[in-house]
Amino acid sequence: MSRSDAPAGDGAAPDGTDGTDADGAQRDPLVEVRNLKKYYEDDGFLTGDPVKAVDGVSFDIRKGETLGLVGESGCGKTTLGRTILGLESATDGEVVSDGREVARLSGKQLREWQRDAQMVFQDPEASLNDRMTVGEIIREPLDAHEQGTKAERKERVFELIDLVGLNEEHYYRYPHQFSGGQRQRIGIARALALEPEFMVLDEPVSALDVSVQARVINLLEDLQDELGLTYLFIAHDLSVVRHIADRVAVMYLGDIVELGDTEAVYNDPAHPYTVSLLSAIPGSHTGTDRDRVTLRGTPPSPRDPPQGCRFATRCPARVRPAAFADLPETAWDGIDALDTVLRERASLEDGLTDRLRRSLGLAADANDIDEVVADLFGWHPGEQSPQEGEGPLTSEARAAVEDAVRFARRGEDEEAAAVLREAFGSVCNRERPEAHVVDGDGRTSACVRHTDEYDSPAAAIDERYARRDD
Ligand code: SF4
């Protein structure tokens, strides 16, 4: 891998440390994740629905590679990492490593796995006990696992201190006497104490200055080369991931939507969510004619994810029903916004907030559904009967909106949203898309548009924007 001081830049080439052998052949998986789910059943007094933090993901982490895991905050990245390590118990599915079904381990076997697989946390400030010396912090896992004699453990701590670029005298100091970058080195030394083969690095440089980030990343790369480590590198900073990861998995609302070689994904994203995510990086490729593909609103609640494709409520490439193929983009913008209003109104968890109104650019009080419709479509369902051609909706589309409004007026928002989806939904709203292989290297993208039946995601996005520009 490259060793520049800047975290952003060229991706890795096969060099025997990136999940491929020296001849470029793919290595065996170290960790196999199959249909893994992690739901949180909290008090449930509001809706009774669990929070689906991770909702059926499957992928491999190959020996010696760095697999990047990216996605918006709250998409389930950290929960996925913690569940793989056994720090959270899986609701369903399997994590298999070296013949062990990790998600079902307990007692001694679980402790063995947690020795072989370690975690480095985002906030080095919070993850180190300020009342312990650096030596004690790094030695703690060795003591807990009763590794060697006391003298051997102390010797091992000095080795680790040297390995991560700290000095011997640091053994006797306390965490608050160190900079953020040095504290992260202490956290890394502690994670390495038991000689793991696999590490989950959870936003390990997010809390650090950019110059310090580069040094810590270079340290992680050096340690990987030297010790043959395998990393799951969780981050929201796409530039950092591009620099360090051999492959990247893109996560949205508890699901992995795209997974493939980092450079291939960054140069030609396949999934509409990846397209929009990468388009936020200045100068990046999106695979479409657009420099920037903006997403409407915020992700839905993981307590009530959309049926079908998780991304359907925000997707710029969502398949539209043939019956309404001629509706103008302004009509679709209104229909999508109305759907969002109804979904959020239906959610007792969120209620209606100013955030929703702002995110949709609504002037109307979103509690008043007639005002919302008037705002979105220029027609007040309670007062006017517009003529055909007046406003963006056809009479057929207007009838469907009126049906939905009737339910919404009675406070039956879930039914109203269902009416809207019945009329304007498509395969995207009905079926959870399977992962399709989209290139010769086995990259996968979970989108129905990778079948012959539909235009590609990029073509669909280009068409939408072109129609909007007209
Ligand atoms: S299946 Fe593809 S096109 Fe349909 S909503 Fe999901 S990402 Fe968009």
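Trainee: Which residue is the bridge partner of Thr-66 in β8?

Mentor: The partner of Thr-66 in β8 is Tyr-231. Please note that this is a predicted model, in which local features need pLDDT of at least 70, side-chain atom pairs count only at pLDDT 80 or more, and totals for chains, interfaces and linings use all residues. Residues are numbered from 1 along each chain as its sequence is written.

Trainee: And in which sense do β3 and β8 pair?

Mentor: Strand β3 (residues 66-70) and strand β8 (residues 230-234) run parallel, over 4 bridges. Strands here are DSSP runs of E with at least two residues, and helices are runs of H or I with at least four, both numbered from the N terminus. Two strands pair if DSSP finds at least two bridges between them.

Trainee: What is the strand order in the open sheet of 8 strands?

Mentor: The order is β6-β7-β8-β3-β9-β10-β12-β11, with mixed pairing. Because β6 (117-120) and β11 (435-437) each have a single partner strand, they stand at the edges, and one side of each is left without a neighbour in the sheet.

Trainee: Which helix packs on that sheet, touching β9 and β10?

Mentor: Helix α10 (residues 272-279) does, touching β9 (247-252) and β10 (255-261). Its direction makes about 105 degrees with that of β9. Axes are lines fitted to C-alpha atoms, for helices over the stretch in contact, and angles run from 0 to 180 degrees between N-to-C directions.

Trainee: What does Leu-232 contact, leaving aside its neighbours within four places in sequence?

Mentor: Among its contacts are Ile-61, Leu-67, Leu-69 and Val-200; a contact requires C-beta atoms, placed from the backbone, within 7 Å.

Trainee: Which residues are closest to the ligand?

Mentor: Cys-309, Ala-312, Cys-315, Cys-428 and Cys-447 are the closest of the 13 residues that surround the ligand, where a residue counts as near if its C-beta atom, placed from the backbone, lies within 6 Å.

Trainee: Finally, how much of the protein is buried?

Mentor: Of its 470 residues, 47% count as buried.

How values were computed: A residue is buried if 20 or more other C-beta atoms lie within 10 Å of its own, exposed if 12 or fewer, and partly exposed in between; C-beta atoms are placed from the backbone. Two residues are in contact if their C-beta atoms, placed from the backbone, lie within 7 Å.
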